[in-house]
Structures are given as structure tokens and as C-alpha cells.
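Here are my notes on this model, point by point. Please read them with the structure open.

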Amino acid sequence: MTTGLISLLQPDKRLRVNVPDYDYAKLSFAIFGPCDAVGIPKNEVCRSASYSHGIRELLLKITSDNPLTAGKYMLAIFNQAKTAKVKATLVVHFDEGGSQRPNQVPTTK
């Protein structure tokens, strides 16, 4: 069982080097799976929030109440306003620990 965070980020328009020619796009995303042997997802597992205006960062928390099971998954990004030339980065952070062992991040001294 896997928990963690999934973020969909758009470039920060406050930085002069990243000034897009549009406002933040109205994006959302959903995770489908796990996939069967042919690659067809079983169902929609979770969906991010959908806002009436564009925002820079969408965050979806995968909790122990509804964890992901082992398998292959698909993620769909929805561009609700059909904004052209949208730049976005998807970041996935899975917890290494769990209910059986602590979540320890290796560090150097």
C-alpha cells in the first residue's frame, strides 16, 4: 500500500524569467488504475480539486485511508479552458515508510 503526495505545478509567473503569456491555466488531474494485464485501468482512484480560476499548484494527498495498491496506474491532466501552450510539471512523492515501519529519509552527516 502506498501513500504520498502528487503535485501539478505551473511556472511561477512572479519570476521575471518565467513570465508566461497567459494567466495560470485551469488544470486538474485524476489517477486511474490499477491496470489489468492489457493495460486498461480498473477505475478512477482519486481526483485533484478543480477550481473556477487557475492556480499555480494543485496538490493531491494519497492517505492511508485510501492508499494505492501495487500495480500500474494512469494519470490524466485536464485542461478545462483548453489553454494553449501550458507548461506544467508533475511531481510524485511516495512515502517510504508505512504502518509497518517508520518513514525515514536517509541523510548524510
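Predicted model: local features only at pLDDT ≥ 70, side-chain atom pairs only at ≥ 80, totals over all residues.

1. Gln10 sits in the loop that runs between strand 1 (4-9) and strand 2 (27-35).

2. Is Gln10 buried or exposed? Its relative accessible area is 3%. Gln10 therefore counts as buried, the cut-off being under 20%.

3. The side chain of Gln10 has a polar partner. One of its polar atoms lies 3.1 Å from the backbone oxygen of Ile55.

4. Now turn to Ala25. Leaving aside residues up to four places away in sequence, Ala25 touches Gln10, Gly54, Ile55, Thr83 and Val86. Ala25 also belongs to the largest nonpolar core.

5. That core has twelve residues. Besides Ala25, they are Ile6, Leu8, Leu27, Phe29, Ile31, Val45, Cys46, Leu58, Leu60, Ile62 and Leu68. At least two residues of this core come from each of strand 1, strand 2, strand 3 (41-47) and strand 4 (57-62). As background, nonpolar side chains tend to be buried together in soluble globular proteins.

6. How many cavities of 30 Å³ or more are there? The count is one. The volume of the largest cavity is about 40 Å³.

7. Which residues line the largest cavity? They are Gln10, Ala25, Lys26, Leu27, Tyr51, His53, Ile55 and Leu58. By type, the lining divides into five nonpolar, two polar and one charged.

How values were computed: Residues numbered from 1 in each chain as written. Heavy atoms only, no water. Helix = DSSP H or I, 4+ residues; strand = E, 2+ residues; numbered from the N terminus. Buried < 20%, exposed > 50% of the residue type's maximum accessible area, 1.4 Å probe, protein only. Polar contact = N/O pair within 3.5 Å; in protein donor to acceptor, adjacent residues only side chain to side chain. Core = buried A, V, L, I, M, F, W, Y, C linked by side-chain atoms within 4.5 Å. Contact = heavy atoms within 4.5 Å. 1 Å grid on protein atoms, 1.4 Å probe; cavity = no way out; pocket = protein on both sides within 12 Å on 5 of 7 lines; lining within 4 Å. Points joined across faces, edges and corners; volume = space filled by probe spheres on them. Nonpolar A, V, L, I, M, F, W, Y, C, P; charged D, E, K, R; others polar.
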